[in-house]
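Here is a short tour of a protein model, written to be read with the structure open beside it.

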Amino acid sequence: MVNEKSIKLLNGLIEINNDRIEGYDTALRETEEDDLKTLFSQLIQTSEECKTQLRNEVLKLGGTPVAGSTTGGMLFSVWTDIKSALTRQDHKGVLDSCLDSEDIAVDGYDKVLKTSPEDITTQHRTMLHSQLELINNDRNKIRQVRDKLINV
């Protein structure tokens, strides 16, 4: 029973990382700016690393890792905003939308860590805190690039 809850929670975080990968991959293809391409590539790499760890844990628990992204559409509007801002060459708008996306990812991790501590092991909590730190670092990188644009 606990494994089923753990698998469901970890799969939810896989979906969030799949959303990040898909969204930043789209943004990477849409932009012509080298600094944004570098940033988006780094963000994809973070999510790939997180997803791999999460998938491995789901498999250890006897579950099947999800392959898709979230169905709630939370991130869909954010990625639509990013694509629109890229089309307009609005780099600040792109980065603001990226920050919105990161906020959704952080909220997803926080929800698992704060509202379901009994459904994940100590090892999982440690892993999720490490992943959350990586995502927060990504959010800070986005903020730095955005702030640099504002101050130019």
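## Where helix 2 meets helix 5

On the helix 2 side, Leu39, Gln42, Leu43, Thr46, Glu49, Cys50, Gln53, Leu54, Glu57 and Lys60 make contact with helix 5, which contributes Gln123, His124, Met127, Leu128, Gln131, Leu134, Asp138, Lys141, Ile142 and Val145. Sorted by class, the residues of this contact are 9 nonpolar, 6 polar and 5 charged. Please keep in mind as you look around that this is a predicted model.

How are the two helices oriented to each other? The axes of helix 2 and helix 5 are 10 Å apart, and the packing angle is about 170°. Because angles over 145 degrees count as roughly antiparallel, helix 2 is roughly antiparallel to helix 5.

## The fold as a whole

Stepping back, the protein has 5 helices and 0 strands, so its pattern along the sequence reads α-α-α-α-α. The chain holds 152 residues, of which 45% count as buried. The accessible surface comes to about 8100 Å², and carbon and sulfur atoms account for 50% of that surface.

Contacts also reach across the sequence: taking those between residues at least 6 apart, 77% join residues at least 24 apart.

## Helix 2 in detail

Helix 2 runs over residues 34–60. After the helix comes Gly62, with a positive phi near 90°.

The buried residues of helix 2 are Leu36, Leu39, Phe40, Leu43, Ile44, Thr46, Ser47, Cys50, Leu54, Glu57 and Val58. Glu57 is worth a visit: its relative accessible area is 8%, so this residue is buried. Leaving out residues up to four places away in sequence, Glu57 touches Leu10, Gln123, His124 and Met127. Gln42 also lies in helix 2, but with a relative accessible area of 33% Gln42 is partly exposed. Its C-alpha atom is 9.7 Å from that of Lys141, a residue 99 positions away in sequence.

## Helix 5 in detail

Helix 5 covers residues 122–150, and its 29 residues should span 42 Å at 1.5 Å a residue; the end C-alpha atoms are 42 Å apart, in agreement. Which residues of helix 5 are buried? They are His124, Met127, Leu128, Gln131, Leu132, Ile135, Asp138, Arg139, Ile142 and Arg146.

Two of the names in that list, His124 and Met127, are also partners of Glu57. Both residues belong to the helix 5 side of the contact with helix 2 as well.

Ile104 sits in helix 4, which spans residues 91–115. With a relative accessible area of 18%, Ile104 is buried, since the cut-off for buried is under 20%.

Moving on, Ser116 lies in the loop between helix 4 and helix 5. Apart from neighbours within four places in sequence, Ser116 is in contact with Leu9 and Lys111. Leu9 is 107 residues away from Ser116 along the chain, yet their C-alpha atoms are separated by 8.5 Å.

## A stop on helix 1

The last stop is Lys8, placed in helix 1, residues 2–30. Its relative accessible area is 68%, so Lys8 is exposed. Lys8 and Thr64 are 56 residues apart along the chain, and their C-alpha atoms are separated by 9.7 Å.

Terms used. Residues numbered from 1 in each chain as written. Predicted model: local features only at pLDDT ≥ 70, side-chain atom pairs only at ≥ 80, totals over all residues. Heavy atoms only, no water. Helix = DSSP H or I, 4+ residues; strand = E, 2+ residues; numbered from the N terminus. Expected span 1.5 Å × (residues − 1). Buried < 20%, exposed > 50% of the residue type's maximum accessible area, 1.4 Å probe, protein only. Contact = heavy atoms within 4.5 Å. Areas by Shrake-Rupley, 256 points an atom, 1.4 Å probe, with all protein chains shown as cover. Axes fitted to C-alpha atoms, helices over the stretch in contact; angles between N-to-C directions. Parallel < 35°, antiparallel > 145°, perpendicular 65-115°, else oblique. Nonpolar A, V, L, I, M, F, W, Y, C, P; charged D, E, K, R; others polar.
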